Amino acid sequence: YRSRDRRKKMAGDTTWRALGAPAHELRLDVTLGNGQVFSWDQDEKDPNVWRGVLRDRLVTLRQDENDVHYCVWPNMTYAYAEEEFHSYLLQYFNLHDPKLALDPLCKYWQTCEPRRLGPICCKYLRGLRILKQDPFECTLAFICSSNNNIKRIKLMLNNLRKEYGDPIIKQDVESTSSNNDSDVRLGRWYKFPSLKSMCLASEERLRELGFGYRAKYIVNSVRLIESNGGEPWLMKFRDMDVDKVREGLLELPGVGPKVADCIALFSLDQMSCVPVDVHVWRLVEREYKHVMGDTKTVTKRVYQRITKFFFDSFGPLCGWAHSFLFAAELPHFKNRLPFALQPLKPPKKVKIKLKDQKQNTGNSTDKKTPTKARKRKKGVARSTSSTHTQKIIPVAKMRRRKKRQKVKLETAKVKEENVETGMTLKTEPA
């Protein structure tokens with residue numbers, strides 16, 4: 001009790017406690033901002049401060065040079081509750097197991113692949129850790145991640161918390177907080193909804209909240225989890241073989257191989273899972289061409305081949321090594337890498353336009369324009385180009401293109417008339 005009272009005197013009413021994780025073992029920016037979790041927000045004024053809700057508490061994390069400190073709102077009432085939550089945080093960041101120390105793992109991966117993975121994990125993105133999230137929250141989050149981006153996923157999950165989650169009590173937060181944090185005082189933080197409350201969610205309401213076609217998958221997945229025994233059904237996957245874990249997760253609606261591997265890697269202790277999405281596919285195609293061969297799409301066979309390559313190259317914790325390479329492909333980490341390690345932009349189709357040649361009096365510059373307007377559907381129109389494959393072009397863009405074509409035709413006619421009469425468009429000064 002004396003040590004706890006001493007900490008309170010040092011920090012005022014708010015108790016800050018060290019997590020015991022130096023920067024080379026845990027960096028908040030690369031760990032919480034690499035796309036494996038969507039429940040943390042970075043402070044706008046201080047980029048070293050992150051806030052998120054774990055269980056029924058608002059947790060504030062602060063990155064220092066030598067450690068990570070945290071404080072909890074509302075404060076823990078009893079000492080054993082404070083120690084239990086501290087132990088939970090260590091497990092959340094996988095700091096509880098000495099076998100998961102990052103320094104020896106990075107040295108091992110550097111010997112496995114010194115050209116790219118070595119400098120990324122040992123220098124440029126050092127401190128990236130795999131989290132051990134709540135399986136139910138992680139499942140719903142990655143069902144929302146299909147064909148989506150990080151910013152929109154966070155917005156969808158925040159709407160889910162506000163609609164079906166319980167708010168953190170406003171008066172408790174105000175009474176235990178000594179700072180003037182408006183976000184805390186306004187009480188905009190909500191717990192993640194429980195399985196029981198999510199069973200009351202309807203597809204129509206989720207669509208109104210912006211979930212789109214994923215609303216059906218969330219509703220059906222929640223019902224299937226409930227029928228299989230609830231959250232204990234997900235928790236038992238932590239003690240099962242990785243193949244059985246994939247097989248069980250693939251039963252959920254809206255869960256494919258990539259989403260199943262994400263859930264298993266980030267919440268079920270399956271460190272050998274390698275989620276393969278478009279970023280990983282481009283990485284393997286660019287850096288490890290012998291794995292892909294001549295294949296241009298990710299089939300089931302190619303997916304298994306990529307997973308086997310990572311396991312054979314980086315060992316049983318290859319999912320962690322994959323996360324380093326994946327984070328290096330994200331645009332917001334690009335400036336941290338040297339130019340040689342920065343990901344290349346995907347190739348784009350280049351259209352070559354020939355410059356206008358000299359006018360010939362015998363050639364006509366008139367171009368045939370379409371006489372019939374094509375059918376327009378839902379604000380789009382088809383291109384009038386004579387290519388074999390026609391592209392769908394927005395109506396506004398189509399109008400601008402026709403206007404430019406009309407101007408070109410008029411200027412061409414004027415040029416032709418001036419050539420015939422011997423006049424020039426420009427008049428030289430006397």
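Q63 lies in strand 4 (residues 57-63), where strands are DSSP runs of E with at least two residues and helices are runs of H or I with at least four, numbered from the N terminus. This is a predicted model in which local features need pLDDT of at least 70 and side-chain atom pairs count only at pLDDT 80 or more, while totals for chains, interfaces and linings use all residues. Residues are numbered from 1 along each chain as its sequence is written, and side-chain values use heavy atoms, with hydrogens and water left out.

With a relative accessible area of 7%, Q63 is buried (under 20% relative accessible area, with a 1.4 Å probe and protein chains only). Not counting residues up to four places away in sequence, Q63 touches A23, L26, R27, L28, N48 and V68, contact being heavy atoms within 4.5 Å. The side chain of Q63 also reaches two backbone atoms, as tabulated here.

| Side chain | Backbone atom reached | Distance |
|---|---|---|
| Q63 | oxygen of L26 | 3.4 Å |
| Q63 | nitrogen of L28 | 2.9 Å |

Elsewhere, helix 16 (residues 278-287) and helix 19 (residues 318-329) pack at an angle of about 95°, with axes 9 Å apart, the axes being lines fitted to C-alpha atoms over the stretch in contact and the angles running from 0 to 180 degrees between N-to-C directions. Helix 16 is therefore roughly perpendicular to helix 19, a term that covers 65 to 115 degrees. Helix 16 contributes H279, V280, L283 and R286 to the contact, and helix 19 contributes H322, L325, F326 and E329.

Over the protein chain, the secondary structure comes to 20 helices and 7 strands, and buried residues make up 43% of the 430 residues.

Note on methods
Buried means under 20% relative accessible area, exposed over 50%, partly exposed in between (1.4 Å probe, protein chains only). A polar contact is a pair of N or O atoms within 3.5 Å; within protein, one must be able to donate a hydrogen and the other to accept it, and residues adjacent in sequence count only if both atoms are side-chain atoms. Angles under 35 degrees count as roughly parallel, over 145 as roughly antiparallel, 65 to 115 as roughly perpendicular and the rest as oblique.
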